[in-house]
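Take a look first, then read on.

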Amino acid sequence: MIKIEHVSKSYGDIKAVDDVSLKIDDGEIFGIVGYSGAGKSTLLRTINQLEKVDEGVIDIDGVDITKLDIKALREKRRKIGMIFQHFDLLWSKTVLDNIAFPLELIKVDKETRREKAKEVAKRVGLEDKLDVYPSTLSGGQKQRVAIARALISEPNILLSDEATSALDPKTTDDILELLKKINKEYQITIVLITHQMEVVQKICHRLAVMADGKVIEDGRVDDIFKDPKQDLTKKLIQTVDTGLDVEKMAIDLKAKYPEGHLLRLTFDQKSSGEPILYEVGNKLHIPFNIVSANIKNTQVGPLGVMYIHIEKRHDIAKIIEELQKDEVKVEVI
Amino acid sequence: MFFEPFIETIYLTIVPLLFSCVFGFIIGTLIFIGTSSILERKSKPITIISKICDGLVNILRSIPYLILIVWMLPITNFLTGSVIGTKAAVPALVVSATPFFARMVTIAFSEVDHGVIEASKAMGASTFDIITKVLIPESKPALVSSITVTAINLVSYSAMAGAIGAGGLGFEAYQYGLARRDESLMFIATILIVIIVFAIQIIGDKTVKKLDKRGG
């Protein structure tokens, strides 16, 4: 378990990280989101002490790593893999030697480390690229090399610094799938930072939203997507839901259906598995019209947003009550 | 007629180059360790040594070569047992080329992608690991280019070493051309220098191309 307690870090007058406390459980994928400059990158780097903290404790499996001397810290870092936005491979080494590099650092002999590197390369789908140099690879392949390089030391923790931000959407999905697979198969805790809410929605179990060096909201992905508390979180989520702006969607629909009631329903993994709308509609004998719907699958289950239109003559108080009973979040637009 | 000066020029290039590369590499690395913000744990002595090296490089680089020769006469005498001749020109050439090469080494290292250094630190690399396993391999093309430029500088410096009787093609060209007004001989000597410079540059460029796997 990673326990971040009251961590602060300043650069001159700027507080990059301001009294942040977070707990990250073993085996989970934890996302830290926020716009650039929010301090998420600095926070991530305190976990392997690439950034020293001014104050606070970073406890990894019972050891406060801010107190380790440089030798013990290097030892610890070997069990914390890290991948980066720009991959950061050595251009002077072949794919195989890049993957084997962490073992070269601890003086594993060439044969052994190459054998091991081949194994890891297979796991990330690079077995046919071993002898080429990174410059000939695509972005997605480079990130796979970086992931293999991180995995070769058999880490318990993988830190991901905007690992998909330089990739196209299709490649992003492939890399996210790979991270998900690694997390499941090897029980590696993944801490990732991103400005893409989609990444969080696709692979994270829990998330924290950062702004101005502070964590302004954190919790399970489904809870936060269903019911974001902070404006910034809402804004970030809106970029994912439909790919469209939810508020704009509401305005557009309102213009289209000026008469009657327009409701926005948000489902989580419990409610989206049930034929709730059908049941409620039948029970109350209220006909409704679905005018827009979108359901996405996340790590913790499906999440959906739906807009329904009900004619003016019906009483919507009852329908809202019934839906809320079934844990559907209802908003009248 | 040109064989002896030709050999002298080669000697005055290669021998000082070897010394300058070794000393310059060490000094350049020390300066980099002391000044780079990306490396961890700098012990106090290293920082001080690095600062001294940095200052020394600046001072030595600003002294004109001819003056350096004169100032270094006692040292040259101590090292080579003589103040004139080809061998006696070597210490001053080394002293003038070393700071130049040291500066080039520092630049080559600081141009290595910081992300790669950071990634290596994240993998548990020590400063020594970073220098030997990251900085040197990743800056190889730049280092070879620096050796090439330093070698060419030495070819032109060696012409001035003629002033203390070091010989070489440059001095030959000066003697025939200016002193004896034999322009055709001066021309031949100059052409030979040009050929040496081209040869060094071509070998350097070819090596860089072979080492550079960055593509594109």
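## Chain A at a glance

Keep in mind that this is a predicted model.

How much of chain A is buried? Out of its 333 residues, 44% count as buried. As for how the chain meets itself, take the contacts in chain A with a separation of 6 or more: 67% of them come from residues 24 or more positions apart.

## Where A meets B

Chain A puts 21 residues into the contact, and chain B puts in 23 residues. On the side of chain A that touches chain B, the elements giving two or more residues are α2 (70-77), β6 (80-84) and α3 (95-105) of chain A.

What sort of residues are they, by class? That side of chain A has 10 nonpolar residues, along with five polar and six charged ones.

## A helix in chain B

Now over to helix α9 of chain B, which runs through residues 169-179. Its buried residues are B:L169, B:G170, B:F171, B:E172, B:A173 and B:Y176.

Which elements cover them? The cover for the buried residues of α9(B) includes α1 (3-35), α8 (140-160) and α10 (183-211), which belong to chain B. After α9(B) comes B:R181, with a positive phi near 60°.

Methods:
Residues numbered from 1 in each chain as written. Chains lettered and ligands numbered in written order. Predicted model: local features only at pLDDT ≥ 70, side-chain atom pairs only at ≥ 80, totals over all residues. Buried ≥ 20, exposed ≤ 12 C-beta atoms within 10 Å, placed from the backbone. Contact = placed C-beta atoms within 7 Å. Helix = DSSP H or I, 4+ residues; strand = E, 2+ residues; numbered from the N terminus. Nonpolar A, V, L, I, M, F, W, Y, C, P; charged D, E, K, R; others polar.
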